[in-house]
Amino acid sequence: MLIRVFCNHDLARMYFSIFLLHFAYTSLFLELPAILVVNLNISVASHWLFYAKALILSLVFLVPALYFAERKAIIKELMITSIFTFFLTFFAITFYNQSYIFVTSTVTLFFVGFSFLESIL
C-alpha cells in the first residue's frame, strides 16, 4: 500500500512542490535577518514588527485573491501567477535589498505567494 503512494506521480509532484515551497521559505528566513540588520539597520528586537507588518499586509491581499479565485474558478491561473510572484520576489530581495520600502513590499508579496500556494496545495 505504501509503495503505491510513493509511486503515484501526481502525489510525487505535489510532495516535491511542497518541498520546494518550504525550502524557499526557509531560505528566505535564513537570509532575511541578515538583510534587516546589515542593510536596513533594524535591530533584532524589532524584527517581529517587520514580519508582523508584512504578514498582515499579505493577508489584506491574500483573502480577496482567494475569494476571487474560488468565485471565478481561476485557481490554476492564480497559482501560476503566485509561483511567478513567489520566485520573482525571492530573487528580487536577494539582489536588491537596500530600501526599506522595497524589502517590505517584496517580503509582503513573498508572503502572498507563499500563503496562496500553501492554501491551494
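## Basis of the values

The model is predicted, and local features need pLDDT of at least 70, side-chain atom pairs count only at pLDDT 80 or more, and totals for chains, interfaces and linings use all residues. Residues are numbered from 1 along each chain as its sequence is written, and side-chain values use heavy atoms, with hydrogens and water left out.

## Helix α2

Helix α2 covers residues 9-39; helices here are DSSP runs of H or I with at least four residues, strands are runs of E with at least two, and both are numbered from the N terminus. The expected span of a helix is 1.5 Å times one less than its number of residues.

At the start of α2, a side-chain oxygen of N8 comes to within 3.0 Å of the backbone nitrogen of D10. This is judged as a polar contact (a pair of N or O atoms within 3.5 Å; within protein, one must be able to donate a hydrogen and the other to accept it, and residues adjacent in sequence count only if both atoms are side-chain atoms). The buried residues of α2 are L21, A24, S27, L28, L32, I35 and L36, where buried means under 20% relative accessible area, exposed over 50%, and partly exposed in between, with a 1.4 Å probe and protein chains only. These buried residues pack against α3, α4 and α5, contact meaning heavy atoms within 4.5 Å.

## Helix α3

Helix α3 has 26 residues, which should span 38 Å; its end C-alpha atoms are 37 Å apart, in agreement. H47, F50, Y51, A54, S58, L62 and A69 are buried in α3. The packing partners of the buried residues of α3 are α2, α4 and α5.

## Positive phi after two helices

Most residues other than glycine have a negative phi. Just after α2, N41 takes a positive phi of about 55°. N41 sits in the loop between α2 and α3 and is exposed, at 66% relative accessibility.

Just after α3, A73 also has a positive phi of about 55°, although A73 is not a glycine. A73 lies in the loop between α3 and α4 (75-95), and its relative accessible area of 63% makes A73 exposed.

## Aromatic pairs

A pair of aromatic rings is described by the distance of the centres and the angle of the planes. Rings of Phe, Tyr and Trp (its six-membered ring) pair if their centres lie within 6.5 Å; planes under 30 degrees apart count as stacked, over 60 as edge-to-face and the rest as tilted. The count by this rule is 17 aromatic pairs. In one of them, Y25 and F29 have ring centres 5.0 Å apart and planes at 70°, so the pair is edge-to-face. Y25 and F29 are 4 residues apart in helix α2, about one helical turn. Y25 is partly exposed at 24% relative accessible area, and F29 is partly exposed at 28%.

Y96 and F102 also form an edge-to-face pair, with 4.8 Å centre to centre and 75° between the planes. Y96 is partly exposed at 43% relative accessibility, as is F102 at 28%. Ring pairs link Y25, F29, F50, Y51, F86, F87, F90, F91, Y100, F110, F111 and F114 into a cluster.

T89 belongs to helix α4 and is buried, at 7% relative accessibility. A polar atom of the T89 side chain lies 3.0 Å from the backbone oxygen of F86. Not counting residues up to four places away in sequence, T89 touches T106, L109 and F110.

F116 lies in helix α5 and is buried, at 1% relative accessibility. Leaving aside neighbours within four places in sequence, F116 is in contact with L62, A65, L66, A69, I75, L78, M79 and S82. F116 and M79 are 37 residues apart in sequence, while their C-alpha atoms are 7.5 Å apart in space.
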